[in-house]
Amino acid sequence: MMDYKKLVTYFVFLVLIILPFMLLPAKAAPGRIGGMEVYCGSRCRGRCAKAGFQDRCIKYCGICCRQCKCVPSGTFGNKHQCPCYRDKLSSKGKPKCP
């Protein structure tokens, strides 16, 4: 009878340890579900900090970030850090990504 109680106690202990990790939202890092939204939002707010039309800048930066999975550092330039971001063009042939 004592072995059964130890087994039940051990099982309950494991469930209490593992269950919180299974219930946490997966938003910690890019590549996980929801992770790109957090990553892109943060990077684009930084990228567009000095933009004249921040809402438009953040919108297009977010589109480019989700497709390219990267955003160049700084508020201007540095597009060599992310070639996909650099090479995206609008329908008018101008750079799409801020």
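Is Asn78 buried, exposed or partly exposed? Asn78 counts as partly exposed, at 30% relative accessibility. The model described here is predicted.

**Overall make-up**

The protein has four helices and zero strands, and its pattern along the sequence is α-α-α-α. Of its 98 residues, 18% are buried. Among contacts between residues at least 6 apart in sequence, 41% join residues at least 24 apart.

**Packing of H2 and H3**

Helix H2 covers residues 35-47 and helix H3 covers residues 54-68. The two pack at an angle of about 135°, and their axes lie 9 Å apart. Angles over 145 degrees would count as roughly antiparallel and those from 65 to 115 as roughly perpendicular, so H2 and H3 are oblique to each other. Their crossing is right-handed. On the H2 side, the contact is made by Met36, Glu37, Tyr39, Cys40, Cys44, Arg45 and Arg47. H3 contributes Ile58, Cys61, Gly62, Cys65 and Arg66. By class, the contact of H2 with H3 has seven nonpolar, four charged and one polar residue.

**The nonpolar core**

In soluble globular proteins, nonpolar side chains tend to be buried together. The largest nonpolar core in this model has 14 residues. Those that touch the most other members are Cys44, Cys61, Cys65, Cys68, Val71, Cys82 and Tyr85. H2 and H3 are the elements that give two or more residues to this core, and the largest share, five residues, comes from H3. Cys44, Cys61 and Cys65, listed among the core residues with the most contacts to other members, also take part in the contact between H2 and H3.

Val71 is another of these core residues. Leaving aside residues up to four places away in sequence, Val71 touches Tyr39, Arg43, Cys44, Arg47, Cys61, Cys65 and Tyr85. Of these, Tyr39, Cys44 and Arg47 belong to the H2 side of the helix contact, while Cys61 and Cys65 belong to the H3 side.

Helix H4 spans residues 83-87, and Lys69 is found in the loop between H3 and H4. Asn78 is placed in the loop between H3 and H4 as well. Lys69 has a positive phi although it is not a glycine, and Asn78 is likewise a residue other than glycine with a positive phi. The values are set out below.

| Residue | Phi | Relative accessible area | Class |
|---|---|---|---|
| Lys69 | about 65° | 54% | exposed |
| Asn78 | near 60° | 30% | partly exposed |

Lys69 is exposed because its relative accessible area is 54%, and exposed means over 50%.

Notes. Residues numbered from 1 in each chain as written. Predicted model: local features only at pLDDT ≥ 70, side-chain atom pairs only at ≥ 80, totals over all residues. Heavy atoms only, no water. Axes fitted to C-alpha atoms, helices over the stretch in contact; angles between N-to-C directions. Parallel < 35°, antiparallel > 145°, perpendicular 65-115°, else oblique. Left-handed = near helix turned anticlockwise from the far one by under 90°. Contact = heavy atoms within 4.5 Å. Nonpolar A, V, L, I, M, F, W, Y, C, P; charged D, E, K, R; others polar. Core = buried A, V, L, I, M, F, W, Y, C linked by side-chain atoms within 4.5 Å. Buried < 20%, exposed > 50% of the residue type's maximum accessible area, 1.4 Å probe, protein only.
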